[in-house]
Amino acid sequence: MHKLAEDFKLDLAGSGAGTMYGKALYFSESATKADEYAKDEPGGHYNNVRALLLCRVCLGRFHYTTDREPAAEGKFKSGRSDSTLGDRSRSVGTYREVAIYDPDQVYPEYVVLYERLHRDETPTPPPKDVPFLLELPLYWKNASKNPYAEGFREHWVVKIEIKELIQRLANGSCSGRVPEVQKVRRVEDSGLWCRYINWKRNLSNLLDSQGLTQCAPPHELDTTSGSGQVLTAKILQEFHRDEAISVPGQFMVGVSKGAINMLMSRVSDRAGGTKVENMAPGLNELLLWHGTSRQASPYRSDA
């Protein structure tokens, strides 16, 4: 996720796969080619999970070549071209690649998380109610950080869409006079979050070991016998439907190496911060109110 926050870095160009067309950012029309350079995080949250970025790339005036040509970068520097199109599919039967020398020609629009599967393996997407969970919600200011290695404890005033969501939750769950929400701060605390997602992961593993796909849903918490739906969850569903807010979808695709399970999320959704992500209904994960005091609330995340 670092590229989403810090942009592409040309000073790292070639550190992973060489510089066939000079010091550049390399892209391909083939997901299989890009997969050759994707890495997972052994022992970490994304163990066996790799990532691709689906980017908008403006080639402009490209230099075409069928050979290895590290000197192609010189044509960009001299103003004769804006990029290099290396047609290795024509010369050696592999893939075409594009070399970009200016990060401003690239916009990373989608993140694709996936697992590699062998040809004889059957893709098995996670259960709908216990989805694959990102390590951090994409709309967090600290989304690009590793919460286990980079500690943070910050409060951020949320955007108007989330303030409206909190107001709707108050409207739908208060009896009597409804308070008017003036300001909402989101707590981003790496220590608390890591303990929380570890607990969720352990619960998910326990269910899996027992051959279960989800926990038994709660009943009568919204005072309606047999409904099984929590009041705040119902309000969230209505909010998402009214505002046309969608959860990242599950997609199954095939590539020449085998099948890939993919979780796709639009990068531009980070800016709006209008989604409640990393929620797992199958684990009975809910948004619930907690009573505290004005004095304690700014420091409640210390508990």
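Is Asp 189 buried or exposed? I looked this up at the outset: Asp 189 is buried, with a relative accessible area of 10%. I call a residue buried under 20% relative accessible area, exposed over 50%, and partly exposed in between, using a 1.4 Å probe and protein chains only.

**Entry 1. Basis of the notes**

I worked from a predicted model, in which local features need pLDDT of at least 70 and side-chain atom pairs count only at pLDDT 80 or more, while totals for chains, interfaces and linings use all residues. Residues are numbered from 1 along each chain as its sequence is written, and side-chain values use heavy atoms, with hydrogens and water left out.

**Entry 2. Overall content**

I recorded eight helices and ten strands in the protein. Helices (H or I, at least four residues) and strands (E, at least two) are DSSP runs, numbered from the N terminus. The protein has 303 residues, of which 36% count as buried. I then turned to contacts, meaning heavy atoms within 4.5 Å. Of the contacts between residues at least 6 apart in sequence, 68% join residues at least 24 apart.

**Entry 3. Salt bridges**

I searched the whole structure for salt bridges and noted ten. The criterion is a side-chain nitrogen of Lys or Arg within 4 Å of a carboxyl oxygen of Asp or Glu. Side chains of opposite charge can pair when their charged atoms come close.

I returned to Asp 189, which forms a salt bridge with Arg 153, the closest N and O atoms being 3.7 Å apart. Arg 153 belongs to strand β7 (residues 153-157) and Asp 189 to strand β8 (residues 185-189), so this pair links distant parts of the chain, 36 residues apart. Arg 153 is partly exposed at 37% relative accessibility, whereas Asp 189 is buried.

I next examined Glu 97 and Lys 33, whose side chains meet in a salt bridge at 3.7 Å, N to O. Because Glu 97 lies in strand β5 (residues 96-100) and Lys 33 in helix α2 (residues 31-35), the pair ties together parts that are 64 residues apart in sequence. Glu 97 is buried at a relative accessible area of 7%, and Lys 33 also counts as buried, at 12%.

Glu 69 is buried at 17% relative accessible area, and Lys 75 is partly exposed at 22%.

**Entry 4. Strands β3 and β4**

I inspected the two faces of strand β3 (residues 62-65): His 63 and Thr 65 form the covered face, Phe 62 and Tyr 64 the uncovered one. Strand β3 runs parallel to strand β4 (residues 83-87), and four bridges join them; two strands pair if DSSP finds at least two bridges between them. Thr 65 has Gly 86 as its bridge partner in β4. From β3 the chain passes through helix α3 (residues 72-77) to β4, in a right-handed β-α-β crossover. Right-handed here means that, with the strands pointing away from the viewer, the path from the first strand over the helix to the second runs clockwise.

**Entry 5. Asn 142**

What does the side chain of Asn 142 contact? I found a polar contact with the side chain of Glu 154, at 3.0 Å. A polar contact is a pair of N or O atoms within 3.5 Å; within protein, one must be able to donate a hydrogen and the other to accept it, and residues adjacent in sequence count only if both atoms are side-chain atoms. Asn 142 lies in the loop between β6 (106-116) and β7, and is buried at 3% relative accessibility. Not counting residues up to four places away in sequence, Asn 142 touches Leu 136, Phe 152, Glu 154, Trp 156 and Glu 188.

**Entry 6. Nonpolar cores**

I use the term nonpolar core for a set of buried Ala, Val, Leu, Ile, Met, Phe, Trp, Tyr and Cys residues joined through side-chain atoms within 4.5 Å. The largest has nine residues, among them Val 158, Leu 169, Val 184 and Phe 239. Helices α5 (160-173) and α7 (231-242) each supply at least two residues of this core. A second, separate core of seven residues includes Leu 136, Ala 143, Phe 152 and Trp 193.

I placed Lys 234 in helix α7, where it is partly exposed at 38% relative accessibility. Lys 234 and Leu 169 are 65 residues apart in sequence and 9.6 Å apart in space, C-alpha to C-alpha.

Last, I noted Asn 284, in the segment after α8 (269-272). Its phi is near 60°, a positive value in a residue other than glycine.
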